[in-house]
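Here is a friendly note to read with the model open beside you. Take the points in order, and find each residue as you go.

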2 protein chains.
Amino acid sequence: MTCDPMSDMTETDENALNRSPDEQASGFEAVRTAHQSEMVEDYVELIAELIHMNGAARPVEIAERLGVTQPTVSKNLNRLKREGLILQEPYRSIRLTEEGRQLAEACRKRHRIVVDFLVALGVSQEVAEYDAEGIEHHVSEETLSVFRAFTRERSKS
Amino acid sequence: MTCDPMSDMTETDENALNRSPDEQASGFEAVRTAHQSEMVEDYVELIAELIHMNGAARPVEIAERLGVTQPTVSKNLNRLKREGLILQEPYRSIRLTEEGRQLAEACRKRHRIVVDFLVALGVSQEVAEYDAEGIEHHVSEETLSVFRAFTRERSKS
DNA sequence: TACAAAAGTTAGCTTTGGCTAAATTGTGTA
DNA sequence: TACACAATTTAGCCAAAGCTAACTTTTGTA
Ligand SMILES: [Mn+2]
Ligand SMILES: [Mn+2]
Ligand SMILES: [Mn+2]
Ligand SMILES: [Mn+2]
């Protein structure tokens, strides 16, 4: 045990260290899985927002609001098309399929739960929105329920 | 405005919709940036744990606990080597550099803050560990402070 | 109604992080 | 001390998601 790099151990660390390899791996696997749906989720959510705001979702605005280039958006929209989440004739603006609409709705709700929770907790509006964009993809149903309950309690005063 | 896909709008949604394109993009950009450091952070944190538990960190165990294959670990360890976070002679086990040790320490602390917070909030141990593995990479300093404060308050009773 | 500018697409490149198959090295034990 | 088996590495494949450059289509306006 030359040069132990861990100091300041707590109960939490002990618990983490006592987990089986499989149990630990399941957390990492979940993160890798989440990464595979993040792009799709953020796109449909944003497309729904743009349709709500402007009546239409155009690639140029998707690119601007995501901070990526138009060709990147064009390529990713093809994936959404393949997956049956959007409809688009070439050079025209984008519509959501019923499946896309439902996914967008679910993502928006989850996004809102996370933001409302962070704000209820004391995080500023801006940072809450900022952090939620990443956190939302890594929150299990159990945690989401706890978030909801906390926000409800906190706003009841 | 054919077929508005957003119902059930709240204050939160309004706030999100009123942001400028740049402000919205900054959140997505932060997520993309976080993705670039996740692998490195999880590896050094795990390596520190293994050294603490076993006196050594061997690729085969890193692979098992991450749920990936040995060649994947081997390749990623080369990146950690390039970045000056670990030392390893071929076919020998891994040591952390001083820089690697410090990064691991910082990651462990952040991981613990997130887990302790979720548990204090009412999430189960197992799910807290599971969700924290993803959440930890998307929590700003401000949010982390709020988490710490909440856990402190909650445990003082 | 032309035509320039804006929007969208295509082609082709890069990096990251997975994988399998196969080669190499280290080690415990007969 | 062999040598089989375990561990590690290398080579080469793939998909995702970013980019630039170049091309095509649409649109607003003179
Ligand atoms: Mn997001
Ligand atoms: Mn979102
Ligand atoms: Mn992690
Ligand atoms: Mn971690």
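1. Along the sequence, the donor residues of the manganese ion (ligand 3) follow the spacing D-x90-E-x2-E-H. The protein donors are B:Asp42 (OD), B:Glu133 (O), B:Glu133 (OE), B:Glu136 (OE) and B:His137 (NE2), lying 2.1 to 2.3 Å from the ion. Donors here are N, O and S atoms within 2.8 Å of the metal (3.2 Å for Na, K and Ca), and sites may look incomplete because water is not among the atoms.

2. Before going further, a word on what you are looking at. This is a predicted model, in which local features need pLDDT of at least 70 and side-chain atom pairs count only at pLDDT 80 or more, while totals for chains, interfaces and linings use all residues. Residues are numbered from 1 along each chain as its sequence is written, chains are lettered from A and ligands numbered from 1 in the order in which they are written, and side-chain values use heavy atoms, with hydrogens and water left out.

3. Which residue coordinates both the manganese ion (ligand 3) and the manganese ion (ligand 4)? That residue is B:Glu133, and the two ions are 3.7 Å apart. Both B:Glu133 and B:His137 are buried (under 20% relative accessible area; exposed is over 50% and partly exposed is in between, with a 1.4 Å probe and protein chains only).

4. Now turn to chain A. The manganese ion (ligand 1) has A:Asp42 (OD), A:Glu133 (O), A:Glu133 (OE), A:Glu136 (OE) and A:His137 (NE2) as its donors, at 2.0 to 2.3 Å. Their spacing in sequence reads D-x90-E-x2-E-H. Distant parts of the chain are linked here: A:Asp42 sits in helix H2 (residues 21-54) of chain A, and A:Glu136, 94 residues apart from it, in the loop between helix H6 (125-135) and helix H7 (141-155) of chain A. Helices are DSSP runs of H or I with at least four residues, strands are runs of E with at least two, and both are numbered from the N terminus. A:Asp42 counts as buried because its relative accessibility is 8%, and A:Glu136 is buried at 0%.

5. The manganese ion (ligand 2) is held at 2.3 to 2.7 Å by A:Glu45 (OE), A:His111 (ND1), A:Glu133 (OE) and two contributions listed as A:Glu136 (OE). A:His111 is buried at 7% relative accessibility, and A:Glu133 is buried at 4%.

6. Is H6(A) largely enclosed or open? H6(A) is largely enclosed by the rest of the structure, because 8 of its 11 residues are buried. Among them are A:Val127, A:Ala128 and A:Ile135. The cover includes H2 and H5 of chain A, together with H1, H2, H6 and H7 of chain B.

7. That brings us to the place where the chains meet. In all, 75 residues of chain B are in contact (heavy atoms within 4.5 Å) with 75 residues of chain A. The two chains bury about 6600 Å² between them, 57% of it on carbon and sulfur atoms; this is the accessible area (1.4 Å probe) that two parts lose on being put together, summed over both. B:Pro5, B:His52 and B:Arg65 supply 10% of the area that chain B buries against chain A, more than any other three residues.

8. Across this interface there are 8 salt bridges, meaning a side-chain nitrogen of Lys or Arg within 4 Å of a carboxyl oxygen of Asp or Glu. One salt bridge joins the side chains of B:Arg112 and A:Asp8 (3.5 Å, N to O).

9. Finally, have a look at A:Gln88, in the loop between strand E1 (86-87) and strand E2 (95-96) of chain A. A:Gln88 counts as buried because its relative accessibility is 19%. Leaving out residues up to four places away in sequence, A:Gln88 touches A:Pro59, A:Leu77, A:Lys81, A:Ser93 and A:Ile94.
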